[in-house]
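Student: I am new to this structure and would like a close look at a single part of it. Could you walk me through one of its sheets, strand by strand?

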Amino acid sequence: MPPLSLYIHIPWCIKKCPYCDFNSHAAKSGLPESAYIAALLDDLALDIERYNITRPISSIFIGGGTPSLFSPEAINRLLRGIEQQLRLEEGLEITLEANPGTFESHKFAEFRALGINRLSIGIQSFNDPLLKKLGRVHSAQEAIHAADIARQSGFDNFNLDLMFGLPGASPESSKIDIQTAISLKPTHISFYQLTLEPNTWFHKFPPKLPDDETIFSTQKECQQLLADHGYQQYEVSAYSKQGLQCLHNVNYWQFGDYLGIGAGAHGKITQSLPQSIVRSFKPKSPEQYLSNSHKNGGADVIAVAELPLEFIMNHLRLKQGFTLEAYQAATGLAAATLEPALSDCVKQNLLIRQNNHYYCSEQGWNFLDNILEKFIVTA
(Lines give C-alpha, C1' and ligand atoms only; values in the text may rest on other atoms or scores of the structure.)
Protein backbone atom coordinates (compact mmCIF):
# COMPACT_ATOMS: atom_id res chain seq x y z
CA MET A 1 0.00 0.00 0.00
CA PRO A 2 1.21 3.55 -0.69
CA PRO A 3 1.82 6.09 2.12
CA LEU A 4 -1.34 7.49 3.75
CA SER A 5 -1.91 11.16 4.60
CA LEU A 6 -4.83 12.99 6.19
CA TYR A 7 -6.36 16.18 4.76
CA ILE A 8 -8.73 18.21 6.97
CA HIS A 9 -10.82 21.01 5.49
CA ILE A 10 -12.01 23.96 7.60
CA PRO A 11 -14.05 26.06 5.16
CA TRP A 12 -14.45 29.44 6.86
CA CYS A 13 -12.42 32.57 6.15
CA ILE A 14 -12.74 36.28 6.96
CA LYS A 15 -13.67 37.19 3.38
CA LYS A 16 -14.06 35.32 0.09
CA CYS A 17 -11.36 36.50 -2.34
CA PRO A 18 -12.48 37.21 -5.94
CA TYR A 19 -9.99 34.74 -7.47
CA CYS A 20 -10.59 31.88 -5.02
CA ASP A 21 -12.25 28.69 -6.29
CA PHE A 22 -11.65 26.66 -3.11
CA ASN A 23 -14.57 25.57 -0.96
CA SER A 24 -14.39 28.59 1.35
CA HIS A 25 -17.12 30.68 2.94
CA ALA A 26 -16.97 34.07 4.64
CA ALA A 27 -17.68 33.70 8.36
CA LYS A 28 -20.82 35.76 8.96
CA SER A 29 -20.98 35.19 12.70
CA GLY A 30 -19.31 33.05 15.36
CA LEU A 31 -17.63 29.88 14.14
CA PRO A 32 -19.28 26.56 15.17
CA GLU A 33 -15.99 25.18 16.45
CA SER A 34 -17.26 22.48 18.81
CA ALA A 35 -19.88 21.14 16.40
CA TYR A 36 -17.47 21.13 13.48
CA ILE A 37 -14.67 19.37 15.37
CA ALA A 38 -17.18 16.73 16.48
CA ALA A 39 -18.35 16.29 12.88
CA LEU A 40 -14.74 15.96 11.65
CA LEU A 41 -13.94 13.23 14.16
CA ASP A 42 -17.16 11.40 13.35
CA ASP A 43 -16.34 11.73 9.64
CA LEU A 44 -12.88 10.28 10.27
CA ALA A 45 -14.27 7.33 12.20
CA LEU A 46 -16.65 6.52 9.35
CA ASP A 47 -13.83 6.63 6.77
CA ILE A 48 -11.61 4.40 8.91
CA GLU A 49 -14.40 1.83 9.06
CA ARG A 50 -15.46 2.28 5.43
CA TYR A 51 -11.94 1.74 4.05
CA ASN A 52 -10.63 -0.55 6.81
CA ILE A 53 -7.74 1.79 7.57
CA THR A 54 -4.91 0.20 9.55
CA ARG A 55 -1.96 2.03 7.99
CA PRO A 56 -0.25 4.82 9.94
CA ILE A 57 -0.64 8.46 8.90
CA SER A 58 2.52 10.00 7.43
CA SER A 59 1.35 13.65 7.27
CA ILE A 60 -1.58 15.88 8.21
CA PHE A 61 -2.61 19.04 6.38
CA ILE A 62 -5.27 21.35 7.83
CA GLY A 63 -6.46 23.58 4.97
CA GLY A 64 -9.30 25.89 4.09
CA GLY A 65 -10.60 28.55 4.18
CA THR A 66 -8.49 29.88 6.99
CA PRO A 67 -8.07 27.14 9.62
CA SER A 68 -6.11 29.49 11.88
CA LEU A 69 -9.42 31.24 12.64
CA PHE A 70 -10.15 28.29 14.92
CA SER A 71 -8.93 28.52 18.49
CA PRO A 72 -5.98 26.48 19.79
CA GLU A 73 -8.45 24.71 22.09
CA ALA A 74 -10.50 23.53 19.09
CA ILE A 75 -7.41 22.42 17.16
CA ASN A 76 -6.21 20.57 20.27
CA ARG A 77 -9.48 18.63 20.48
CA LEU A 78 -9.12 17.79 16.80
CA LEU A 79 -5.54 16.52 17.05
CA ARG A 80 -6.09 14.55 20.22
CA GLY A 81 -9.21 12.98 18.69
CA ILE A 82 -7.19 11.95 15.62
CA GLU A 83 -4.55 10.36 17.85
CA GLN A 84 -7.24 8.22 19.47
CA GLN A 85 -8.40 6.87 16.10
CA LEU A 86 -5.26 6.51 14.00
CA ARG A 87 -1.63 5.50 14.31
CA LEU A 88 0.63 8.45 13.57
CA GLU A 89 4.18 8.06 12.31
CA GLU A 90 6.75 9.49 14.67
CA GLY A 91 7.70 13.08 13.82
CA LEU A 92 5.07 13.37 11.08
CA GLU A 93 4.61 16.70 9.30
CA ILE A 94 1.50 18.60 10.48
CA THR A 95 0.73 21.72 8.43
CA LEU A 96 -1.76 24.46 9.27
CA GLU A 97 -2.82 27.06 6.69
CA ALA A 98 -3.00 30.64 7.96
CA ASN A 99 -3.54 34.14 6.61
CA PRO A 100 -1.68 37.23 7.90
CA GLY A 101 -4.81 38.85 9.30
CA THR A 102 -5.20 36.01 11.84
CA PHE A 103 -1.73 36.14 13.40
CA GLU A 104 -1.40 36.63 17.15
CA SER A 105 1.84 35.69 18.89
CA HIS A 106 0.29 33.74 21.78
CA LYS A 107 -2.13 31.88 19.49
CA PHE A 108 0.59 30.59 17.17
CA ALA A 109 2.86 29.68 20.05
CA GLU A 110 -0.02 27.51 21.30
CA PHE A 111 -0.48 25.94 17.85
CA ARG A 112 3.21 25.03 17.87
CA ALA A 113 2.93 23.53 21.37
CA LEU A 114 0.08 21.31 20.18
CA GLY A 115 2.38 19.57 17.70
CA ILE A 116 1.75 21.58 14.54
CA ASN A 117 5.22 21.89 13.04
CA ARG A 118 4.65 23.59 9.71
CA LEU A 119 2.70 26.68 8.61
CA SER A 120 1.55 27.70 5.13
CA ILE A 121 0.93 31.45 5.06
CA GLY A 122 -1.21 33.00 2.31
CA ILE A 123 0.70 36.18 1.44
CA GLN A 124 0.07 36.47 -2.35
CA SER A 125 1.91 39.81 -2.57
CA PHE A 126 3.80 42.35 -0.48
CA ASN A 127 2.38 45.18 -2.57
CA ASP A 128 -0.56 47.00 -0.94
CA PRO A 129 -2.27 48.15 -4.18
CA LEU A 130 -2.04 44.62 -5.60
CA LEU A 131 -3.37 43.12 -2.36
CA LYS A 132 -6.34 45.46 -2.59
CA LYS A 133 -7.05 44.33 -6.17
CA LEU A 134 -6.94 40.72 -4.99
CA GLY A 135 -9.46 41.46 -2.25
CA ARG A 136 -7.05 40.47 0.51
CA VAL A 137 -7.80 41.74 4.01
CA HIS A 138 -4.17 42.12 5.12
CA SER A 139 -1.51 44.70 4.32
CA ALA A 140 2.07 44.16 3.19
CA GLN A 141 3.31 45.08 6.66
CA GLU A 142 0.96 42.57 8.29
CA ALA A 143 2.30 39.91 5.92
CA ILE A 144 5.88 40.62 6.99
CA HIS A 145 4.80 40.64 10.63
CA ALA A 146 3.09 37.26 10.20
CA ALA A 147 6.33 35.65 9.02
CA ASP A 148 8.14 37.17 12.01
CA ILE A 149 5.52 35.82 14.42
CA ALA A 150 5.75 32.38 12.83
CA ARG A 151 9.47 32.18 13.53
CA GLN A 152 9.14 33.72 17.02
CA SER A 153 6.47 31.12 17.82
CA GLY A 154 8.87 28.28 17.12
CA PHE A 155 8.01 27.48 13.51
CA ASP A 156 11.32 26.87 11.80
CA ASN A 157 9.50 25.28 8.84
CA PHE A 158 7.00 27.51 7.06
CA ASN A 159 5.78 28.29 3.55
CA LEU A 160 4.87 31.63 1.99
CA ASP A 161 2.34 31.67 -0.86
CA LEU A 162 2.98 34.22 -3.63
CA MET A 163 1.24 34.87 -6.94
CA PHE A 164 2.35 36.40 -10.23
CA GLY A 165 0.51 37.60 -13.32
CA LEU A 166 -1.67 39.83 -11.15
CA PRO A 167 -3.81 42.69 -12.48
CA GLY A 168 -1.63 45.80 -12.49
CA ALA A 169 1.55 43.88 -11.65
CA SER A 170 4.87 44.50 -13.38
CA PRO A 171 7.94 42.23 -13.61
CA GLU A 172 9.63 44.56 -11.13
CA SER A 173 6.81 44.29 -8.54
CA SER A 174 6.93 40.49 -8.78
CA LYS A 175 10.71 40.48 -8.27
CA ILE A 176 10.29 42.71 -5.22
CA ASP A 177 7.71 40.24 -3.86
CA ILE A 178 10.18 37.38 -4.27
CA GLN A 179 13.06 39.37 -2.77
CA THR A 180 10.92 40.32 0.22
CA ALA A 181 9.85 36.71 0.73
CA ILE A 182 13.45 35.49 0.55
CA SER A 183 14.48 38.09 3.15
CA LEU A 184 11.99 36.52 5.60
CA LYS A 185 13.86 33.19 5.35
CA PRO A 186 10.98 30.74 4.86
CA THR A 187 11.93 27.13 4.19
CA HIS A 188 9.43 26.92 1.32
CA ILE A 189 7.90 29.31 -1.21
CA SER A 190 4.87 28.57 -3.39
CA PHE A 191 4.92 30.80 -6.47
CA TYR A 192 2.04 30.36 -8.86
CA GLN A 193 0.28 32.21 -11.64
CA LEU A 194 -3.13 33.79 -11.10
CA THR A 195 -5.71 31.95 -13.18
CA LEU A 196 -9.31 33.01 -13.66
CA GLU A 197 -11.14 29.93 -12.44
CA PRO A 198 -14.84 29.25 -13.19
CA ASN A 199 -17.33 30.19 -10.48
CA THR A 200 -15.17 33.02 -9.18
CA TRP A 201 -15.81 36.78 -9.24
CA PHE A 202 -12.72 37.30 -11.40
CA HIS A 203 -14.04 34.79 -13.94
CA LYS A 204 -17.36 36.59 -14.15
CA PHE A 205 -15.75 40.05 -14.24
CA PRO A 206 -12.22 39.46 -15.59
CA PRO A 207 -9.57 42.01 -14.60
CA LYS A 208 -6.96 43.06 -17.14
CA LEU A 209 -3.93 40.83 -16.71
CA PRO A 210 -0.38 41.21 -18.07
CA ASP A 211 0.17 39.66 -21.51
CA ASP A 212 1.48 36.11 -21.81
CA GLU A 213 4.99 37.15 -22.83
CA THR A 214 5.32 39.43 -19.78
CA ILE A 215 3.99 36.71 -17.48
CA PHE A 216 6.43 34.14 -18.88
CA SER A 217 9.46 36.42 -18.59
CA THR A 218 8.41 37.42 -15.06
CA GLN A 219 8.18 33.78 -14.07
CA LYS A 220 11.63 32.99 -15.46
CA GLU A 221 13.30 35.98 -13.77
CA CYS A 222 11.71 35.17 -10.41
CA GLN A 223 12.60 31.49 -10.71
CA GLN A 224 16.22 32.49 -11.23
CA LEU A 225 16.08 34.67 -8.11
CA LEU A 226 14.75 31.75 -6.11
CA ALA A 227 17.41 29.40 -7.44
CA ASP A 228 20.16 31.94 -6.68
CA HIS A 229 19.06 31.91 -3.03
CA GLY A 230 18.91 28.14 -2.61
CA TYR A 231 15.21 27.51 -3.30
CA GLN A 232 15.04 24.44 -5.51
CA GLN A 233 12.02 23.99 -7.73
CA TYR A 234 10.72 20.48 -7.13
CA GLU A 235 7.17 20.92 -8.45
CA VAL A 236 5.34 23.17 -10.93
CA SER A 237 4.84 25.97 -8.38
CA ALA A 238 6.80 24.81 -5.31
CA TYR A 239 10.32 25.79 -4.25
CA SER A 240 12.10 24.71 -1.10
CA LYS A 241 15.37 24.68 0.72
CA GLN A 242 17.24 21.37 0.47
CA GLY A 243 15.24 18.52 2.03
CA LEU A 244 12.32 20.74 3.09
CA GLN A 245 9.70 19.96 0.47
CA CYS A 246 6.08 19.80 1.63
CA LEU A 247 5.86 16.07 2.39
CA HIS A 248 2.07 16.09 2.37
CA ASN A 249 1.81 17.56 -1.12
CA VAL A 250 4.61 15.34 -2.42
CA ASN A 251 2.50 12.36 -1.36
CA TYR A 252 -0.38 13.70 -3.50
CA TRP A 253 1.89 14.10 -6.52
CA GLN A 254 3.43 10.67 -6.09
CA PHE A 255 -0.07 9.20 -6.32
CA GLY A 256 -0.09 8.32 -2.64
CA ASP A 257 -3.25 7.78 -0.61
CA TYR A 258 -5.01 10.31 1.61
CA LEU A 259 -8.15 10.50 3.68
CA GLY A 260 -10.15 13.70 3.23
CA ILE A 261 -12.47 14.91 5.98
CA GLY A 262 -14.44 18.13 6.27
CA ALA A 263 -16.88 20.06 4.07
CA GLY A 264 -15.97 19.52 0.42
CA ALA A 265 -12.89 17.42 1.24
CA HIS A 266 -11.64 14.84 -1.25
CA GLY A 267 -9.61 11.69 -0.64
CA LYS A 268 -7.93 8.91 -2.59
CA ILE A 269 -7.69 5.40 -1.17
CA THR A 270 -6.19 2.23 -2.62
CA GLN A 271 -8.17 -0.83 -1.62
CA SER A 272 -6.89 -3.27 -4.23
CA LEU A 273 -4.83 -2.92 -7.40
CA PRO A 274 -5.79 -2.02 -10.03
CA GLN A 275 -9.53 -2.55 -9.72
CA SER A 276 -10.31 -0.58 -6.58
CA ILE A 277 -8.58 2.79 -6.27
CA VAL A 278 -11.29 5.22 -5.17
CA ARG A 279 -11.65 8.98 -4.96
CA SER A 280 -13.90 10.01 -2.08
CA PHE A 281 -15.79 13.28 -1.59
CA LYS A 282 -17.79 15.00 1.14
CA PRO A 283 -20.72 17.48 0.89
CA LYS A 284 -19.45 21.00 0.13
CA SER A 285 -21.94 23.03 2.14
CA PRO A 286 -20.78 23.57 5.75
CA GLU A 287 -24.41 23.60 6.86
CA GLN A 288 -25.11 20.26 5.18
CA TYR A 289 -21.90 18.81 6.55
CA LEU A 290 -22.81 19.85 10.07
CA SER A 291 -26.30 18.33 9.75
CA ASN A 292 -24.75 14.86 9.66
CA SER A 293 -24.80 14.66 5.87
CA HIS A 294 -21.05 14.02 5.99
CA LYS A 295 -22.21 10.47 6.54
CA ASN A 296 -23.52 10.56 2.97
CA GLY A 297 -20.11 11.27 1.45
CA GLY A 298 -19.48 9.28 -1.70
CA ALA A 299 -16.66 7.64 -3.64
CA ASP A 300 -15.97 6.80 -7.27
CA VAL A 301 -13.73 4.00 -8.43
CA ILE A 302 -11.06 5.20 -10.88
CA ALA A 303 -11.50 3.24 -14.11
CA VAL A 304 -8.50 1.03 -14.81
CA ALA A 305 -8.17 2.59 -18.28
CA GLU A 306 -7.78 6.02 -16.66
CA LEU A 307 -5.02 5.06 -14.22
CA PRO A 308 -2.13 5.82 -16.63
CA LEU A 309 -3.34 9.43 -17.02
CA GLU A 310 -4.07 9.77 -13.28
CA PHE A 311 -0.56 8.61 -12.40
CA ILE A 312 1.20 10.71 -15.08
CA MET A 313 -0.87 13.81 -14.30
CA ASN A 314 0.35 13.75 -10.70
CA HIS A 315 3.92 12.51 -11.05
CA LEU A 316 4.93 14.88 -13.83
CA ARG A 317 4.20 17.84 -11.58
CA LEU A 318 7.41 16.80 -9.84
CA LYS A 319 10.79 17.67 -11.36
CA GLN A 320 12.11 14.24 -10.42
CA GLY A 321 9.55 12.47 -12.61
CA PHE A 322 8.88 8.77 -12.06
CA THR A 323 10.17 5.25 -12.54
CA LEU A 324 8.35 2.40 -14.22
CA GLU A 325 8.65 0.48 -10.94
CA ALA A 326 6.80 3.29 -9.12
CA TYR A 327 4.08 3.18 -11.78
CA GLN A 328 3.61 -0.56 -11.41
CA ALA A 329 3.58 -0.37 -7.62
CA ALA A 330 1.03 2.48 -7.49
CA THR A 331 -1.38 1.21 -10.14
CA GLY A 332 -0.88 -2.55 -10.33
CA LEU A 333 -0.55 -2.20 -14.10
CA ALA A 334 2.22 -3.37 -16.40
CA ALA A 335 4.65 -0.76 -17.71
CA ALA A 336 3.41 -1.50 -21.24
CA THR A 337 0.08 0.20 -20.43
CA LEU A 338 1.86 3.56 -20.70
CA GLU A 339 2.63 2.87 -24.34
CA PRO A 340 2.64 4.20 -27.04
CA ALA A 341 2.18 7.60 -25.38
CA LEU A 342 5.39 7.30 -23.35
CA SER A 343 7.55 6.54 -26.38
CA ASP A 344 5.92 9.35 -28.35
CA CYS A 345 6.83 11.83 -25.61
CA VAL A 346 10.45 10.67 -25.61
CA LYS A 347 10.68 10.88 -29.41
CA GLN A 348 9.27 14.43 -29.34
CA ASN A 349 11.73 15.46 -26.59
CA LEU A 350 8.93 16.16 -24.15
CA LEU A 351 10.23 13.50 -21.77
CA ILE A 352 13.76 12.30 -21.07
CA ARG A 353 14.42 8.63 -20.31
CA GLN A 354 17.37 7.46 -18.23
CA ASN A 355 17.21 3.70 -17.66
CA ASN A 356 13.61 3.24 -16.47
CA HIS A 357 13.35 6.79 -15.07
CA TYR A 358 11.29 9.42 -16.93
CA TYR A 359 11.17 13.16 -16.33
CA CYS A 360 10.24 16.28 -18.26
CA SER A 361 12.66 17.98 -20.59
CA GLU A 362 12.73 21.78 -20.43
CA GLN A 363 10.34 21.81 -23.37
CA GLY A 364 8.06 19.23 -21.73
CA TRP A 365 8.06 21.16 -18.46
CA ASN A 366 6.68 24.20 -20.29
CA PHE A 367 4.10 22.14 -22.20
CA LEU A 368 2.78 19.65 -19.65
CA ASP A 369 -0.72 19.79 -21.15
CA ASN A 370 0.66 18.47 -24.46
CA ILE A 371 2.11 15.48 -22.61
CA LEU A 372 -1.07 14.74 -20.68
CA GLU A 373 -3.20 14.83 -23.84
CA LYS A 374 -1.32 11.80 -25.10
CA PHE A 375 -2.49 9.71 -22.15
CA ILE A 376 -6.20 10.59 -22.39
CA VAL A 377 -8.33 7.56 -23.18
CA THR A 378 -10.70 8.15 -26.07
CA ALA A 379 -13.87 6.14 -26.49
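Tutor: Let's take the open sheet of three strands, whose order is β15-β17-β16 and whose pairing is antiparallel. Because β15 (322-323) and β16 (351-354) stand at the edges with a single partner strand each, one side of each has no neighbour in the sheet. A word on terms: strands (E, at least two residues) are DSSP runs, numbered from the N terminus, and two strands pair if DSSP finds at least two bridges between them. This is a predicted model, where local features need pLDDT of at least 70, side-chain atom pairs count only at pLDDT 80 or more, and totals for chains, interfaces and linings use all residues. Residues are numbered from 1 along each chain as its sequence is written, and side-chain values use heavy atoms, with hydrogens and water left out.

Now look at how β15 meets its partner. Two bridges pair β15 with strand β17 (residues 357-360) in the antiparallel sense. Here you can find Phe322 opposite Tyr358 of β17. As background, the strands of a sheet pair through backbone hydrogen bonds, either parallel or antiparallel.

Strand β12 (residues 266-272) and strand β13 (residues 276-281) run antiparallel and are joined by six bridges, with a hairpin of three residues leading from β12 to β13. Across this pair, Gly267 stands opposite Ser280 in β13. β13 also pairs with strand β14 (residues 298-301), over four bridges and again in the antiparallel sense. There, Val278 has Val301 in β14 as its bridge partner.
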